[in-house]
Amino acid sequence: MDLPHHGYRPTKTRARAPPPSADPLLFEDTSSSQPAMNSQGYYTPGYNMAAPVGGPQTDPAGNNLFADPMANAAMMYGSSLANQGKDMVNKEISRFMPMNKLKYFFAVDTRYVVKKLMLLMFPYTHQDWEVRYHRDTPLTPRHDVNAPDLYIPTMAFITYILLAGMALGIQQRFSPEVLGLCASTALVWVIIEVLVMLLSLYLLTVHTDLSTFDLLAYSGYKYVAMILTVLSGLLFGSDGYFVALAWSSCALMFFIVRSLKMKILSSLSSDSMGAGASAKPRLRLYITVATAAFQPIIIYWLTSHLVR
Amino acid sequence: MAFTLYSLIQAALLCVNAVAVLHEERFLSKIGWGVDQSVGGFGDEPGVKVQVMNLIRSVRTVMRVPLIAVNSVCIVLLLLFG
């Protein structure tokens, strides 16, 4: 098996740590132009290194790391206690927030991020909006440009906060409290939007596979539009602000409608063919359009005070 | 409209309180939203009204005891810090 990255791997950490339990499909390296390798190859060097590298660490006869065997035993005991504590904390956290599901949203690479950003700003030429599946699980964002991710919203949120600080500083209105206020306001609006979406999806019994994180991702894409409008407002003044606001609002509305249409509108159950199906598609359409129409309002609300 | 996370928590608490004080006999049955009036939608198209009634009933059942604790904490914080 060909392993060109063999020499770069940090063999020491491979020797002592067990292989990560994450799905190998999630985090393989797709940014480089090399063809995707079999991820089993990543783990075998670790196992082969265990024998020789472990040698200098624990020598056979008394020449240990600590001269004192009691300190060595205490260190082993302490590290096993720490591992137990870590496992317990992980178990408790993963009861509230499923970690594997979260990892799926952060499995991105640079090619995906570039394509997604271009898609957010110019979605009009994209043909296929269907999220592709791979044996019942949705494909990770690395392999499918239509999949939602949480990396872009997180980074865009942080960039928006920094930009807001810069814009306020240009207007001599900066103070550290304002930055925190701006950040929590933006976050609260996203949380409100996600809660309202969840409530409306529940009330209309829309059986979709949109999870909370998916809705969080789709709501978070508006930060990219906000960054664009603030930037052009700073660079080109008030006219540039409104032009960029119009452009990014239209692009984002188109993007949201096309993305959610697949998930919400086409999830009609199989036995609602005849009666009773008239009100439902209309209400679902209302939800999709209302979500899309809410975006420009909130973009304007959150950025107009930064560009005077 | 500058929000903090605490004001969001307060707003959510007020909304949940509002749902929790709806009395079953005195109010909900009178306007036709009682729990005994929601049985019958056994197809898979329950309708918005039945979903809302179920939601109100579940919120009242589940959140009754935690609301006592959260309200007390909020009251103490309000008294201390304004």
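These legends accompany close-up views of a predicted model.

**View 1. The overall make-up of chain A.** Following the sequence, the elements run α-α-α-α-α-β-β-α-α-α-α-α. Among contacts in chain A with a separation of 6 or more, 77% join residues 24 or more positions apart.

**View 2. Surface and interior of chain A.**

**View 3. Helix H8 of chain A, residues 212-220.** With buried taken as under 20% relative accessible area, 7 of the 9 residues of H8(A) are buried, so the helix is largely enclosed by the rest of the structure. To find them in the view, look for Phe213(A), Asp214(A), Leu215(A) and Ala217(A), together with Tyr218(A), Ser219(A) and Gly220(A).

**View 4. The neighbours of H8(A).** Which helices do the buried residues of H8(A) pack against? The partners are helix H4 (99-105), helix H6 (151-170), helix H7 (176-203) and helix H9 (222-265), which belong to chain A.

**View 5. Helix H7 of chain A and the residue after it.** One of the packing partners of H8(A), H7(A), is shown here from end to end. H7(A) contains 28 residues and spans 41 Å between its first and last C-alpha, close to the expected 40 Å at 1.5 Å a residue. Beyond H7(A), have a look at the backbone of Thr205(A), which follows the helix with a positive phi near 45 degrees.

Key. Residues are numbered from 1 along each chain as its sequence is written. Chains are lettered from A and ligands numbered from 1 in the order in which they are written. This is a predicted model: local features need pLDDT of at least 70, side-chain atom pairs count only at pLDDT 80 or more; totals for chains, interfaces and linings use all residues. Side-chain values use heavy atoms; hydrogens and water are left out. Buried means under 20% relative accessible area, exposed over 50%, partly exposed in between (1.4 Å probe, protein chains only). Helices (H or I, at least four residues) and strands (E, at least two) are DSSP runs, numbered from the N terminus. Contact means heavy atoms within 4.5 Å. The expected span of a helix is 1.5 Å times one less than its number of residues.
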